[in-house]
Each structure stands twice: as C-alpha cells, then as structure tokens.
Amino acid sequence: MKVYLAGPMSGYPQFNLPAFEEAAKKLRAAGYDVLNPAELDDPRIREIALASGDGSMTPIIKHGVTWGDFLSRDVKVIADSGVNAVIVLPGWEKSRGARLETFTAAI
C-alpha cells in the first residue's frame with residue numbers, strides 16, 4: 001500500500017523533518033511504500049531546513065523556493081502517484097499544508 005505522510009513543517013524546529021523521517025522508517029519497516037515530502041526536497045534546501053531552529057521560511061525563500069512551491073509539488077505527488085492513504089503526524093490539523101494534502105487525497 002502506498003501512503004503519503006502529511007504533517008506540520010513550517011514553524012517547527014528543523015521543519016519537523018526528524019518526525020517525518022522516524023514515521024517513514026516505521027511505516028517502511030511495516031511494509032508500506034511511503035511518500036515522504038521531506039525526502040523530495042533538493043539537498044540544498046534540506047540542509048537549510050535541518051539547520052533551522054524555528055522553521056521559518058525566510059532562509060528558504062532567499063534560495064528561490066516558496067511555501068506554495070512545496071505545496072504544489074506535494075499535492076501533485078498525492079494526485080498522480082497512486083497514493084492509497086494519507087498518514088498524518090501529530091499537529092497536522094493545525095497545518096494549512098497538511099489539511100490541504102488530506103483534502104486532496106480524500107477527493
């Protein structure tokens with residue numbers, strides 16, 4: 001079964017990447033095919049995200065990538081990749097992006 005991970009990123013230290021990585025690891029060990037948006041990032045952007053203490057988009061925007069760029073990529077992945085389910089991380093309901101991702105998967 002192919003699953004997509006959705007959860008809060010902006011405003012979290014390291015953009016919550018450690019939580020995404022841990023969830024993906026556990027799901028893969030359980031036999032799921034996991035699409036983890038944190039793994040789709042350019043290595044340069046990932047490095048900036050991991051160095052962030054507050055999850056501010058400002059340093060990333062300075063490198064030419066916006067919140068909308070990430071979200072449009074992720075919605076396209078959900079729509080076009082045969083995702084069977086969305087697995088949500090704690091706090092997803094407070095995340096604009098995760099709410100949109102779960103909505104996209106439901107339609």
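Which residues form a nonpolar patch on the surface? In this predicted model, the answer is Leu100, Phe103 and Ile107, with about 340 Å² of accessible area together. Leucine 100 sits in helix H5, residues 96–106. At 34% relative accessibility, leucine 100 is classed as partly exposed, because exposed would need over 50%.

Now the overall layout. The protein has 5 helices and 3 strands. Read from the N terminus, the order of elements is β-α-β-α-α-α-β-α. The C-alpha trace spans about 35 × 30 × 25 Å along its principal axes. For 107 residues, a compact globule would have a radius of gyration near 13 Å, and the protein agrees with that at 13 Å. Of the 107 residues, 38% are buried.

E1 and E2, the latter being residues 33–35, run parallel and are joined by 3 bridges. Within that pairing, valine 3 has valine 34 of E2 as its bridge partner.

E1 also pairs with strand E3, residues 85–88. Those two strands run parallel as well, with 4 bridges between them. Here alanine 6 is bridged to valine 88 in E3.

To recap: E1 has bridges to E2 and to E3, and the nonpolar surface patch consists of Leu100, Phe103 and Ile107. That is all I have.

How values were computed. Residues numbered from 1 in each chain as written. Predicted model: local features only at pLDDT ≥ 70, side-chain atom pairs only at ≥ 80, totals over all residues. Heavy atoms only, no water. Pairing = 2+ DSSP bridges. Patch = residues over 30% accessible without salt bridge, like charges linked within 9 Å, V, L, I, M, F, W, Y side chains within 5 Å. Areas by Shrake-Rupley, 256 points an atom, 1.4 Å probe, with all protein chains shown as cover. Salt bridge = Lys/Arg side-chain N within 4 Å of Asp/Glu carboxyl O. Buried < 20%, exposed > 50% of the residue type's maximum accessible area, 1.4 Å probe, protein only. Rg over C-alpha atoms; globule rule 2.2 N^0.38 Å.
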